Amino acid sequence: MKIGFIGLGIMGSRMAINLIKNGFSLIVFNRTRAKAQPLLEAGAEWAESPAELAKKVDLLITMLSTPEAVEKLALGENGFLNHLPQGGTWMDCTTVNPSFSRKMAALAEEHHIRFVDAPVAGSKKPAEEGQLLFLVGGKREDVVFCEPLFKAMGKKHLHVGPSGQGAALKMLFNLLLGEAMLAFAEALALGEKLGFERTQLLDILLDAPVTAPFVAGKRQKMESGEYDAEFPLQWMQKDLQLASLTAYEQSLALPALNVIKEVFALAKQQGLAEKDFSAIFAYLNK
């Protein structure tokens, strides 16, 4: 089976290399070709456009930044959707809002393409180690067809319903992630103002049952002030914005979410967009 992979950023590049390590034949495309070089050296083939790639593959994986990026590469000039073979499969691992995912699923069905939404839980290191959790929406037979790929790139997949439900669950994951990170950052910032040393606070708060377990993995960043990106702050802000949009579509008020997404937006405007999302502490503590 020939696999196409579009989107070779922090996550996509690591997912793609794990496919190669597991024996899959890969054709890749990325807006910046330089990011594909390690994959090309590992045996991947380069495509000059999404359309050219689509003509050569049985299954296409997209791992992009935003819904807009997905739509442009799928439907725009040299887009891939018109060129995938009938009966082919499109697996979208991008974090998008569920209504957008259902829209893409409907368009894929019109083209007689199988569609699976499969965003991932996990950041740079789990992607590198093949330890991602895939949150999957789609028809059962299509999900089963994709299982060898999930096993090559991750530790587990959860099929949680029809198209759009994988995207929906990922939205809930990132809502909790963003809110918990900001809550911890606020507690840490206030604690320092109250006279506690940062190391002491981290020792105590990270061991407390009230702190989300993932925050411990951000300790070194907050302690050192070096926020190399595992999950960039700009994409956390984007995901919270999509959650807010989805809540609006569902006529649901989520007041805490709407405050928090604006705090991340302010941090982004202050030059922290490409830093890890835990740099929200640096924004509060400047």
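**Strands, helices and rings: a working chat**

Visitor: How do strand β8 and β9 pair, and over how many bridges?
Guide: Strand β8 (residues 132-136) and β9 pair in the parallel sense, with 5 bridges. Two strands pair if DSSP finds at least two bridges between them. Strands (E, at least two residues) and helices (H or I, at least four) are DSSP runs, numbered from the N terminus.

Visitor: What kind of model is this?
Guide: It is a predicted model: local features need pLDDT of at least 70, side-chain atom pairs count only at pLDDT 80 or more, and totals for chains, interfaces and linings use all residues. Residues are numbered from 1 along each chain as its sequence is written, and side-chain values use heavy atoms, with hydrogens and water left out.

Visitor: Back to the sheet. What is the strand order?
Guide: The order is β7-β8-β9, an open sheet of 3 strands with mixed pairing. β7 (120-121) and β9 (154-159) are the edge strands, each pairing on one side only.

Visitor: Which residue stands opposite L135?
Guide: L158 in β9.

Visitor: Which strands does helix α7 touch?
Guide: Helix α7 (residues 140-153) packs on the sheet and touches β8 and β9. Its direction makes about 160° with that of β9. Contact means heavy atoms within 4.5 Å. Axes are lines fitted to C-alpha atoms, for helices over the stretch in contact, and angles run from 0 to 180 degrees between N-to-C directions.

Visitor: And helix α8, which strands?
Guide: Helix α8 (residues 165-193) packs on the sheet too, touching β7 and β8. Its direction makes about 130° with that of β8.

Visitor: New topic: β4. Which of its residues are buried?
Guide: Both faces of strand β4 (residues 59-62) are covered. L59 and I61 are buried on one side, L60 and T62 on the other. Buried means under 20% relative accessible area, exposed over 50%, partly exposed in between (1.4 Å probe, protein chains only).

Visitor: How many bridges join β1 to β4?
Guide: 4, between parallel strands, with β1 spanning residues 2-6. F5 has I61 as its bridge partner in β4, and G4 stands opposite L60.

Visitor: What about β4 and β5, how many bridges there?
Guide: Also parallel, with 4 bridges to strand β5 (residues 89-92). L60 partners W90 in β5. β4, helix α4 (residues 67-75) and β5 form a right-handed β-α-β unit. Right-handed means that, with the strands pointing away from the viewer, the path from the first strand over the helix to the second runs clockwise.

Visitor: What does β1 pair with in β2, how many bridges?
Guide: β1 and strand β2 (residues 25-29) run parallel over 5 bridges. I6 stands opposite F29. Helix α1 (residues 10-21) sits in a right-handed β-α-β unit with β1 and β2.

Visitor: Now rings. How many aromatic pairs are there?
Guide: 6 in the whole structure. Rings of Phe, Tyr and Trp (its six-membered ring) pair if their centres lie within 6.5 Å; planes under 30 degrees apart count as stacked, over 60 as edge-to-face and the rest as tilted. F214 and F277 have centres 6.3 Å apart and planes at 25°, so the pair is stacked. F214 is in the loop between α9 (198-205) and α10 (219-224), F277 in the loop between α12 and α13 (280-284), 63 residues apart.

Visitor: Is F277 buried or exposed?
Guide: Buried, at 2% relative accessible area. F214 is partly exposed, at 26%.

Visitor: Which rings form a cluster?
Guide: Ring pairs link F80, W90 and F115.
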